[in-house]
Amino acid sequence: MGSLAELGPERAVAIYRTMTRIAECDQRIQQGLAAGDLQFQYYPAGGQEAIPATIMSLLDPDDLAVTTYRVIHDVVAKGTPMREIMAEIYGRATGTCKGKGGPMHLTAPDSGLMVTTGIVGAGAPIASGLALAEAMQGTGRVTVCSFGDGAANIGAVHEALNIAALWSLPVVFVCQNNLYAEYTSFAESTAAESIAARAAGYGMPGERCDGTDPAAIDEAARRALDRARAGDGPTLLECVAPRLQGHAFGSDIDHMDQDDLAAAKRDAPMIAVRQRLLDEELATEDELAAIEDEARAEVDDAQAFAQQSDAPGLEELSEDVFASPADIPYAPAEPREAIAPTGENRTMPFGQAVNEAMAVALERDDSVFLLGEDIHDPAGGIVKATLGLSTRFGIDRVRPTPISEQAIVGAAIGASMRGMKPVAEIMVNDFAMVAMDQIANHAAKLRYMSGGRTTVPITIRSLSAGNVGSFGAQHSQSLEAWFAHIPGLKIVAPSNAYDAKGLLLACIDDPDPCIQIEAMRCFFAPGDVPDGHYTVPLGQAAVRQEGDDLTLISYSWGMQEAEGAAAQLAEAGHSIELIDLRSIVPLDYDTVRGSAEKTGRVLIVHPAVEFGGFGAELAARLQQDLFGQLKAPVMRYGAPYASIPFAQNLEAAYFIDAAGIVEHATALLDMGR
């Protein structure tokens with residue numbers, strides 16, 4: 001154990017002051033829970049106070065931090081105002097996140113605290129993205145990412161460490177090893193003797209230190225931060241600090257080694273550091289007592305402020321889902337502006353239109369960059385969607401990644417929070433499930449959980465490979481219904497080259513996370529596409545053909561079959577109104593409803609499984625709103641409830657086609673006559 005004098009008297013006392021503020025805040029929350037004044041699951045930080053108190057004191061105010069749900073010590077140490085912390089704990093409008101995040105999601109970007117996540121290990125990919133943005137912008141800022149020993153066994157952490165090392169990112173990964181992952185001891189969860197030793201596998205330095213000793217933490221953290229600031233890449237720093245309580249407030253301690261627990265409490269950092277300051281004559285008893293009184297008074301004030309503050313108004317329920325509440329499905333519509341095309345039309349395939357959209361975005365906005373697997377030349381992507389872009393714009397802005405979907409999406413999230421506009425490619429729609437935590441729990445929720453203090457303007461491009469033969473069950477799905485069920489995500493599914501370019505450009509400029517599903521079935525279909533920049537507004541359906549007898553609704557490659565069916569039905573004397581939704585969320589329900597009121601019959605067609613598909617949502621809403629006005633029940637036509645088969649005869653029977661649409665439409669047209 002080093003001497004605290006090595007830190008200098010002023011800094012040693014300052015670290016103890018932060019530790020005292022942490023401990024006082026932590027204890028006050030536990031007192032509130034015990035008294036019934038507060039009610040939530042809380043994860044005490046006792047025993048770990050010295051880690052962030054020391055590390056955060058080495059950071060500049062505008063350096064960044066990401067932490068996890070055992071959090072209060074990191075939040076306090078990073079400089080978050082105590083009043084805002086306590087108000088958030090009480091669920092008040094004056095809290096860091098307007099009472100919408102709570103104790104597991106405290107966010108304070110003004111203090112550099114960018115993300116607190118309740119998902120174990122999920123902050124690491126985002127931290128890599130934050131560091132990537134700072135590196136690309138040349139700011140010199142570093143990011144510190146804190147997580148526990150349990151998170152060290154999560155795949156997202158491994159992906160993040162690898163990509164950070166690969167790109168030499170200015171990030172320090174701090175494993176606060178309190179020797180228990182929930183109720184499982186460190187020895188029971190990993191065969192390795194340390195977490196830091198794993199760093200060698202990623203080609204980065206790793207260092208283990210005593211997480212109860214500010215002098216030891218300071219020495220190791222300085223080396224790591226100096227490396228990051230010098231452009232020498234990340235470090236994995238393991239700070240060992242035994243936990244002093246059970247996993248959560250009020251939980252049992254029977255699973256803990258009682259002798260070790262007693263020793264840890266006896267040598268707790270709050271006790272040991274205080275005594276060392278006295279023994280080394282760095283502070284007097286009166287000075288330390290004054291620090292403790294100040295911390296108590298600060299928390300008294302913060303608690304009183306929280307208790308006197310108002311709860312958030314009910315209008316906050318729908319605020320911060322998107323940048324505009326009008327984008328929430330079925331919300332009152334607002335005019336949607338498009339950037340009209342000015343360039344000459346050229347005929348090109350859908351895939352080339354996607355490529356041109358990215359080229360236009362990269363050319364006009366330096367904050368745009370692409371990342372994904374195999375997107376660089378000479379490969380240019382599996383269907384050549386990015387061909388030529390890395391040659392033209394450089395490998396820094398058209399950035400190939402390892403096969404690491406969680407790291408890809410997480411890096412995009414982090415970079416977007418620092419002013420970048422990432423376009424992340426998830427090679428095949430099915431692979432989005434590998435990154436669903438980053439997509440659903442972070443990209444979709446961070447704006448809301450932070451009370452609008454952070455935004456995630458990312459675009460995810462993903463290929464749907466269904467109905468092109470021989471891809472089978474794990475490469476052919478279309479997951480729009482799953483995405484649409486998650487508040488905070490925007491989803492578009494273009495059916496033609498013009499929309500593919502215009503919707504993608506709109507997504508890139510949108511302030512919210514957007515997913516563009518690009519059907520391989522459409523990828524080589526030609527269409528007229530203007531040169532240059534233009535947009536197709538999100539949430540604006542296209543009426544491809546007007547009619548009076550039946551409304552036929554589809555999107556993505558389903559429109560190919562719908563158009564063929566409409567032509568056949570016209571030959572039979574039926575007037576079909578054909579609607580291309582284009583955008584799933586935001587949803588142009590007014591156009592859909594208006595058409596349904598006009599024709600009285602609606603058939604919704606989509607390539608995805610019919611059961612639980614997006615058509616079910618639309619059908620239910622139309623039935624609810626137009627009950628008694630329709631001439632027939634709203635009908636759906638989608639894929640059967642089965643995985644996608646490989647054999648071509650089975651695949652042909654599985655997917656929707658024009659003949660099936662005609663059959664369903666004819667049945668509808670015969671109803672109510």
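**Exercise 1. Determine whether C97 is buried or exposed, and state how many disulfides the model contains.**

Solution. C97 has a relative accessible area of 0% and is therefore buried, a class that covers values under 20%, with exposed being over 50% and partly exposed in between (1.4 Å probe, protein chains only). The model is a predicted one, in which local features need pLDDT of at least 70 and side-chain atom pairs count only at pLDDT 80 or more, while totals for chains, interfaces and linings use all residues. Residues are numbered from 1 along each chain as its sequence is written, and side-chain values use heavy atoms, with hydrogens and water left out.

A disulfide is taken as a pair of cysteine sulfur atoms within 2.5 Å. By this rule there are zero disulfides. C97 is in none, the nearest cysteine sulfur, that of C25, being 14 Å away. The sulfur of C209 has its closest cysteine sulfur in C239, at 3.7 Å, which is too far for a bond. C209 is also buried, at 11% relative accessible area.

**Exercise 2. Find which residues of helix α8 are buried, and what its end C-alpha atoms give as a span.**

Solution. Helices are DSSP runs (H or I, at least four residues) and strands likewise (E, at least two), numbered from the N terminus. The expected span is 1.5 Å times one less than the number of residues.

The buried residues of α8 are P214, A215, I217, D218, A220, A221, A224, L225 and A228. For the reading of such a list, an α-helix has 3.6 residues a turn, so residues three or four places apart point the same way.

At the start of α8, a side-chain oxygen of D213 comes within 3.1 Å of the backbone nitrogen of A215. Just after the helix, G231 adopts a positive phi of about 85 degrees.

**Exercise 3. State where E651 is placed, and whether E651 is buried or exposed.**

Solution. E651 lies in helix α23 (residues 648-654). Its relative accessibility is 5%, so E651 counts as buried. The C-alpha atom of E651 is separated by 45 Å from that of S168, 483 residues apart along the chain.

How values were computed:
Polar contact = N/O pair within 3.5 Å; in protein donor to acceptor, adjacent residues only side chain to side chain.
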